[in-house]
Amino acid sequence: MISQVFILSSKGDHLIYKDFRGEAGSDVVGIFYEKVTALTGDQPPVVMSHKDLHFVHVRQGGLYWVATTTADSSPFTIIEFLNRFTALVKDYCGSLSEKSVQMNFALIYELLDEVVDYGYIQTTSSDVLKNFIQTEAVSSRPFSLFDLSNVGLFGAETQQSKVAPSSAATRPIQSSREQGGKSEIFVDVIERMSVVIGTNGVLMKADVEGEIRVKCYMPSCSEMRIGLNEEFSIGKSQLRGYGAAVRVDECSFHQAVRLDEFDSHRILRLCPSQGEQTVMQYQLSDDLPSAPPFRLFPTIERDSGGRLLMYLKLRCDLPPKSAAINVCATIPVPKGSVSLSQELSSPDQSAELKLQNRAVDWKIPRFPGGTQLSALFKLEVPGLSSASMLEVGPVGLSFELPKLTVTGLQIRFLRLSPIQPGPSQRWVRYVTHSDSYTIRI
Amino acid sequence: MLDSNKDSLKLEAMKRIVAMIARGKNASDLFPAVVKNVACKNIEVKKLVYVYLVRYAEEQQDLALLSISTFQRGLKDPNQLIRASALRVLSSIRVTIIVPIMMLAIKEAASDMSPYVRKTAAHAIPKLYSLDPEQKDQLIEVIEKLLADKTTLVAGSVVMAFEEVCPERIDLIHKNYRKLCNLLIDVEEWGQVVIINMLTRYARTQFLNPNINESLLEEGSGGDKTFYGSDEDEDEDEEEKEKNAEAPAMAKRKPYVMDPDHRLLLRNTKPLLQSRNAAVVMAVAQLYFHLAPKAEVGVIAKALVRLLRSHSEVQYVVLQNVATMTIKRRGMFEPYLKSFYIRSTDPTQIKVLKLEVLTNLANETNISTILREFQTYIKSMDKDFVAATIQAIGRCATNIGEVRDTCLNGLVQLLSNRDELVVAESVVVIKKLLQMQPEKHSDIIKHMAKLTDNIQVPMARASILWLIGEYCEHVPKIAPDVLRKMAKSFTNEEDIVKLQIINLAAKLYLTNSKQTKLLTQYVLNLAKYDQNYDIRDRARFIRQLIVPTEKSGALSKYAKKLFLALKPAPVLESPFKDRDHFQLGSLSHLLNAKAGGYQELPDWPEAAPDPSVRNVEVKDSVRAVGTVPEWTKCSSREKRKEKKVEKPFYSDSEGESGPTESADSESDSASGSESGSGSEESGSGSESVESEEGSESEEEEEDEEEKNKKKKKKELKKPVQEIKLLSLFPVEPAPSPQVTPVNTFLSNSLVTDLEGLSLSDTVLSPATIAPSSALKNYELLHRITGEGLSVEYCFSRQPFSPDANMVAVQMQFTNNATSDTKNLHMEDVKLQSGMRVKEFPEIELLPAGETAAAVMGIDFCDSTQAANFQLCTHTKKFFVSIQPPVGELMRPIFLTENEFKKEQGES
């Protein structure tokens with residue numbers, strides 16, 4: 001049971017406030033905001049209490065999405081509801097931001113009205129909801145250079161016309177009505193990898209979580225068939241075909257996916273509903289098909305002047321055609337480090353000493369596969385002792401690998417049947433993010 | 001603008017008003033103007049007016065009444081969506097005067113033919129209840145009625161209402177228990193959560209504890225016990241009983257047999273572990289944890305670990321629950337140890353929880369890996385996390401004796417860490433560890449004494465001082481020196497440190513008064529004039545105690561005993577230890593405090609209440625009639641579930657919609673299919689739901705037939721392989737879609753969706769089991785030749801139970817004569833080789849004008865040869881023969897759709 005739902009901007013402005021049961025006063029919003037901001041730390045607790053009232057909140061799109069309850073209801077239900085609700089708002093408004101919520105408050109009220117009745121969650125399925133929702137979304141997408149600059153992000157600079165801007169996937173699902181039924185389908189294969197590499201360069205732990213997400217703008221969607229690699233296999237024992245198999249440990253599917261042809265041909269069949277949904281999720285642990293994308297060769301010593309010298313060589317083991325972007329290596333440094341002097345191999349890189357984190361951030365905007373970069377950092381550390389040398393901690397890397405999946409999962413084809421009458425466009429993109437990529441020194 | 005004629009203007013105006021509400025501004029002045037628009041035709045305007053109305057109706061009751069008539073009209077609207085929304089808004093208006101109107105509307109809507117409206121009615125119940133609790137009795141009636149509803153759409157909502165209005169009326173559930181279990185998988189996910197929670201409570205009151213015997217075995221063998229940890233908190237009295245019973249004989253206790261309904265619940269919830277919704281997964285997990293036998297609880301571990309890959313908020317709550325579970329059942333999560341390793345991107349609170357889980361999971365075999373993990377965590381930059389890690393190491397060390405020294409050494413190394421916080425935390429932990437075996441580690445104590453110069457964290461300083469005081473006999477030289485230093489800095493110390501300095505001084509005075517007498521007095525004097533009264537009190541108290549004077553002679557004798565008594569080592573415990581009395585997955589569990597409305601999970605009953613209350617009486621009466629009753633679906637599903645325990649058959653999650661949709665396209669029927677992660681499961685998912693259901697119900701009918709077959713006899717033989725040649729396959733039941741004439745103004749598809757969800761089973765009545773009168777009758781004996789006796793027969797197309805190879809022949813004897821016929825039987829059977837006959841039982845008496853029926857079985861050996869025999873009465877004998885026409889030699893077998901198609905292709 002949910003007493004109230006409200007959305008706050010990060011500055012504490014009321015964006016949406018709806019009371020379902022009349023159990024608590026309207027000053028709760030203020031109380032909540034005080035509680036949230038009073039706390040330090042990277043994340044306030046999910047559930048907070050004030051007298052008899054319990055606040056459950058999630059943070060998405062820079063907004064606080066809060067539900068309150070007085071009764072003992074499952075916290076999972078409320079969290080899951082808030083997550084679904086944000087997904088719905090995203091589907092209907094195109095994107096999640098203070099602005100889009102402000103512009104579409106009528107729509108969001110309508111959604112809330114249909115989704116929750118007297119604190120009870122009725123349905124969050126966008127298929128059912130689209131029958132009730134009348135209000136059109138107001139799209140708040142200003143033209144921006146940002147979109148154009150992002151094009152290169154997904155490669156193929158030479159064929160710009162064939163690449164959809166990344167913003168294309170962030171528009172409200174219902175606007176397709178007014179845009180003359182421009183039907184598009186976006187399929188994203190997103191993988192997140194967390195890796196731990198030991199001091200001796202041995203891969204200690206590797207974990208890849210992937211998902212296939214479909215975002216559908218078809219007004220009347222028919223059946224869609226997604227073909228995966230034929231060699232795709234699940235579990236350790238099963239091996240299909242010859243050559244390099246694409247293997248995952250586990251996978252689970254959205255309930256709308258039919259798997260008649262999955263066993264024989266690795267084809268997922270589904271009738272996507274409008275909006276975004278995760279069609280398939282899979283995990284792979286410990287047994288990567290290829291080498292981990294980055295290796296680090298550090299040399300750390302103390303020079304005669306009492307400075308700490310860190311000579312880092314970072315090698316990118318991706319295939320030569322692909323490249324990593326937005327690479328950032330975070331190197332923890334001893335306490336009391338004062339200043340940093342650096343020698344980097346190319347001008348587009350940068351490095352910075354973050355004093356409050358006690359770490360050096362080394363940023364590499366683009367890092368092609370098969371290459372190697374090196375950097376020399378000299379740190380002024382007053383009172384450097386051998387003990388503090390040990391404080392040069394594990395290096396964390398964050399990066400993005402466009403057009404690449406670490407598991408090797410590919411989409412062979414994407415077919416719509418029956419063939420759509422109008423022009424329909426299908427987009428597929430792959431990306432791998434780093435979740436937690438740690439190299440111990 | 002609201003008075004304007006144009007809808008667009010009205011819409012704009014309403015949007016502005018709603019925006020005001022959204023920002024928390026008061027817009028109640030506009031009430032009259034807005035209410036006027038409630039009858040507006042434009043649906044967009046209307047909805048915004050509703051939003052406004054619900055918000056302000058309570059404040060302006062009189063004006064709100066103006067709108068009531070509009071809603072009453074709306075309740076009669078042919079469109080189900082309008083009916084539902086009218087009811088929803090009507091029930092949301094919190095005006096006491098309209099309670100009777102609401103009551104009436106709810107009652108009416110509860111018997112509405114649209115499940116969507118019934119669902120809304122269910123939602124309206126708690127609203128009315130909160131407005132006027134006196135209506136409870138009437139509302140319970142409505143709930144009872146809605147509970148009996150067979151639509152999945154309604155089930156979730158009505159259970160929500162039940163939980164809010166009358167959770168104590170558990171008796172209402174009895175009749176619906178099995179239905180709810182069977183529907184569960186098709187219910188909307190939010191409904192599932194509520195139903196599962198309710199059923200957990202229900203099961204706790206109605207079934208016996210499945211673990212009674214197991215906990216007993218454990219006690220007997222002792223081997224398993226250590227594995228699960230000794231803190232099994234089976235009910236105290238139970239355990240006592242067991243102990244008493246143990247001596248006489250194990251065999252005396254009757255083995256625990258799980259109630260089939262209990263089993264049904266567990267079986268039907270299991271596939272939901274695959275659900276996409278974390279709330280559902282957690283609900284099932286807690287159900288299994290609280291209800292399932294120990295051996296089966298393991299299945300939830302995998303599902304919970306899967307949740308760890310979800311949003312961080314979900315992770316947080318899952319880990320809380322996992323932490324509690326790991327205390328009770330460690331073995332369950334051990335295989336997933338690696339999943340709880342910490343990632344550098346996790347927020348602190350999740351890291352701390354993961355540590356907690358790892359610590360709980362640690363045992364002799366995996367401790368080395370865990371400790372190695374911990375070592376790297378200490379390097380982390382997150383200070384709270386590092387502190388928590390050190391504490392975790394301490395707990396591992398106390399729990400597992402073998403690694404205590406290793407841990408201690410590791411912690412001592414940490415003392416040289418440059419980070420004060422790390423050192424402080426280590427000191428505190430080392431102190432706790434040392435208390436267990438102080439004599440071995442005097443060098444560590446010495447080392448720590450040196451640290452007093454550097455460490456500034458009060459808690460750590462206090463710990464060191466306490467340690468030195470406690471074990472001053474192990475470090476006789478250093479202790480006085482430390483006291484000297486401390487006495488110097490006494491005035492600048494924190495309170496907690498000061499207290500420990502006094503303690504140290506007192507202890508030293510008692511053991512080594514020669515060296516420390518003056519120092520002690522100096523410290524006590526300083527303390528006497530301290531600002532803190534606690535310290536002043538302590539100083540006075542100690543002075544009286546240790547410094548011998550005439551008055552306090554008696555006490556000071558015992559001072560040494562008081563101060564230097566052996567203290568028991570502290571037990572480092574998990575903070576989650578006491579949480580398990582809260583139901584898992586509940587808010588109270590998360591907060592570790594009772595939240596409002598928390599209902600304690602009842603204990604298992606001593607003896608099971610009567611299980612027959614869950615029986616549905618309609619069963620027998622309907623079965624006798626012979627039509628396929630609506631409930632058959634339930635029981636046939638039940639049976640199917642029983643047969644398919646091994647394969648979780650998730651694909652029928654929305655199977656209900658199959659029959660209606662498949663009228664248009666076959667492939668649609670499996671729209672709801674989803675298979676679990678394993679590929680072996682996906683195999684079973686490929687079978688079409690429709691054919692499954694069709695054949696299932698046939699099979700069900702078959703079973704019934706078999707029961708009825710006691711009276712029928714006679715048989716022939718037929719080799720199995722050749723069945724194909726002559727037999728026709730039973731016709732698949734033709735699904736007849738239910739079309740309800742509903743005026744759809746928004747979307748047709750929704751209506752069909754909703755209708756499809758209903759469980760009405762008429763569509764499934766299979767054609768094959770139509771009453772035998774519909775079959776073609778053949779004449780065996782005409783009444784002229786039979787002198788008044790006429791015999792007809794037909795091939796009933798049902799299996800002949802005494803012999804599977806025989807074809808059942810249904811005979812109907814009619815006595816058209818004026819006199820009775822007696823001793824009707826058969827004789828002198830002449831058959832081709834290989835054929836066999838099972839005779840029908842003799843009919844003793846067939847009075848004039850009456851008819852009698854009997855069944856015989858003939859094995860025609862797949863030939864169309866006739867079976868010749870004599871039909872004898874008490875006076876006459878008639879030569880008759882039965883010759884099977886092509887197409888009648890068959891028996892029902894059941895195939896899945898795929899098999900059917902395959903066979904079809906072959907023949």
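**View 1. Chain B as a whole.** Chain B has 43 helices and 10 strands, where helices (H or I, at least four residues) and strands (E, at least two) are DSSP runs numbered from the N terminus. Keep in mind that this is a predicted model: local features need pLDDT of at least 70, side-chain atom pairs count only at pLDDT 80 or more, and totals for chains, interfaces and linings use all residues. Residues are numbered from 1 along each chain as its sequence is written, chains are lettered from A and ligands numbered from 1 in the order in which they are written, and side-chain values use heavy atoms, with hydrogens and water left out. Of chain B's 907 residues, 56% count as buried; that word means under 20% relative accessible area, with exposed over 50% and partly exposed in between (1.4 Å probe, protein chains only). Take the contacts in chain B with a separation of 6 or more: 69% of them join residues 24 or more positions apart. Contact here means heavy atoms within 4.5 Å.

**View 2. Where chain B meets chain A.** Here 88 residues from chain B come up against 87 residues from chain A. Together the two chains bury about 7,800 Å², 52% of it on carbon and sulfur atoms; buried area is the accessible area (1.4 Å probe) that two parts lose on being put together, summed over both.

**View 3. A salt bridge across the interface.** The side chains of A:E114 and B:R88 pair up in a salt bridge, at 3.4 Å from N to O. The rule asks for a side-chain nitrogen of Lys or Arg within 4 Å of a carboxyl oxygen of Asp or Glu, and it finds six salt bridges across the interface of chain B and chain A. On the side of chain B that touches chain A, helix α20 (residues 312-328) of chain B gives the largest share, seven residues.

**View 4. Around B:L172.** Look for B:L172 in helix α10 (residues 171-174) of chain B. B:L172 is buried, with a relative accessible area of 5%. Leaving aside neighbours within four places in sequence, B:L172 is in contact with B:I140, B:E144, B:L147, B:F162 and B:C166. B:I143 lies 29 residues away from B:L172 along the chain, and their C-alpha atoms are 8.8 Å apart.

**View 5. Two cysteines in chain A.** A:C251 is buried at 1% relative accessible area, and A:C316 is buried at 1% too. A search of the whole structure turns up zero disulfides over all chains, a disulfide being a pair of cysteine sulfur atoms within 2.5 Å.
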